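Here is a short note for a colleague meeting this structure for the first time. Please keep the model open while going through the numbered points.

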Amino acid sequence: MIDRGWAIVATDYPGMGTAGRYPYLIGVGEGQATLDGLRALCQVDDAHASNRVMLWGHSQGGHATLWAAQIAADYAPDLDVVGVAALSSATDPLAVSKLIIEGPASALVNAVTSYVVVPYADEYPDLTLIGPTHPAGSVFADAAASRCATDPGTLVTLLVTLGLGGRDHLYDLDLDAGPVHDRLAQNIATAIVPAPLFLGQGVDDEVVSIDIQRTTDARVCAAGRPVETHEYPGRDHLGVIAQGSPLIDDLFV
């Protein structure tokens, strides 16, 4: 992107490394943060940035990208969104949560649960979590939710949860009905955006099911919106954006 002379801005979202709530998979907060970053870039004289923007994100970033595109006309009408790319996108937080949380209890499941339920409980007053199934569970959940996934401290937290004992999940969540279900569903990205849309994902994605992208593609096509969708056999969640992945060339064409 730099070689092409593009100006680049990337949001780290509110509360990620700073004070405040962290809106993980909460669509409006992510989308506004993305658009705020672009508007700030346009005010940096030496960046020579125009108001013509492409929105591009992977995983949570894909979710944020779709929400940014959905609200841009109302929230940031000064920006001209000319293209949108959502890669391995967590488009449907409810489906992603069901896939991960309803599986066998593990350190990874507990970490993902913390990333989802703590921000949602902070954001929505009607969402009251059922108490943790282990006395130390709430301490672990808060610690995990406060760190970036790549923070070295996250590994320590994951190791700690292995010592909690038993095979129980940290929280007993009802994902089929009630406020947890409703709030996750509320944050599903429709992907019905005014600009041309690119969807790309590895078929062997272990975090976001390829079925989520397929459902998104069908919804966009049914709405008559332009979409280019790619699947990459043999590529997992991170492998699809690794060096040498065919997605990169497809994205730049």
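1. Start with the overall layout. This is a predicted model. The protein chain has nine helices and four strands. Read along the sequence, their order is α-β-α-β-α-α-α-α-α-β-α-β-α. Of the 253 residues in the protein chain, 44% are buried.

2. Next, the contacts along the chain. Take the contacts between residues at least 6 apart in sequence. Of these, 76% join residues at least 24 apart.

3. Now look at helix α2, residues 60–75. How many of its 16 residues are buried? Twelve are, and α2 is mostly covered. The buried set includes Gln60, Gly61, Gly62 and His63 at one end of the list. Trp67, Ile71 and Ala72 also belong to the buried set.

4. What do the buried residues of α2 pack against? Their partners are both helices and strands. The helices are α1 (27–42), α3 and α7. The strands are β1 (52–58), β2 (80–87) and β3 (197–202).

5. Helix α2 also has a kink. Where is the kink centred? It is centred on Ala69, and the bend is about 35°. Ala69 is itself among the buried residues of α2.

6. Turn to a helix pair. Two packed helices are described by the angle between their axes and by the distance between those axes. Helix α3 covers residues 93–101, and helix α7 covers residues 179–186. They pack at an angle of about 130°, with their axes 7 Å apart. Angles over 145 degrees would count as roughly antiparallel, and 65 to 115 as roughly perpendicular. The α3 and α7 pair is therefore oblique.

7. Which residues make the contact between α3 and α7? From α3 come Pro93, Leu94 and Ser97. From α7 come His181, Leu184 and Ala185. By class, this contact has four nonpolar residues, two polar residues and no charged residues.

8. Salt bridges deserve a separate look. The count comes to five. One of them joins Arg39 and Asp78, whose closest N and O atoms are 3.1 Å apart. This pair links distant parts of the chain, 39 residues apart. Arg39 is in helix α1, and Asp78 is in the loop between α2 and β2. Arg39 has 25% relative accessibility, so it counts as partly exposed. Asp78 is also partly exposed, because its relative accessible area is 38%.

9. A network of salt bridges links Asp211, Arg214 and Glu231. Begin with Asp211 and Arg214, whose closest N and O atoms are 3.5 Å apart. Both residues lie in helix α8, which spans residues 210–222. They are three residues apart, about one turn of the helix. Then follow Arg214 to Glu231, a salt bridge of 2.8 Å from N to O.

10. Arg214 is at 37% and is partly exposed. Glu231, at 35% relative accessibility, counts as partly exposed too.

11. Gln201 is found in strand β3. Gln201 counts as buried because its relative accessibility is 1%, and the cut-off for buried is under 20%.

12. Finally, check two backbone angles. His48 is not a glycine, yet its phi is positive, about 55°. His48 lies in the loop between α1 and β1. Ala191 also has a positive phi, near 70°, and is a residue other than glycine. Ala191 lies in the loop between α7 and β3.

13. Ala191 counts as buried, at 1% relative accessibility.

How values were computed. Residues are numbered from 1 along each chain as its sequence is written. This is a predicted model: local features need pLDDT of at least 70, side-chain atom pairs count only at pLDDT 80 or more; totals for chains, interfaces and linings use all residues. Side-chain values use heavy atoms; hydrogens and water are left out. Axes are lines fitted to C-alpha atoms, for helices over the stretch in contact, and angles run from 0 to 180 degrees between N-to-C directions. Angles under 35 degrees count as roughly parallel, over 145 as roughly antiparallel, 65 to 115 as roughly perpendicular and the rest as oblique. Contact means heavy atoms within 4.5 Å. Ala, Val, Leu, Ile, Met, Phe, Trp, Tyr, Cys and Pro count as nonpolar, Asp, Glu, Lys and Arg as charged, and the others, Gly among them, as polar. The bend at a residue is the angle between axes fitted to the seven residues ending there and the seven starting there. Buried means under 20% relative accessible area, exposed over 50%, partly exposed in between (1.4 Å probe, protein chains only). A salt bridge is a side-chain nitrogen of Lys or Arg within 4 Å of a carboxyl oxygen of Asp or Glu.
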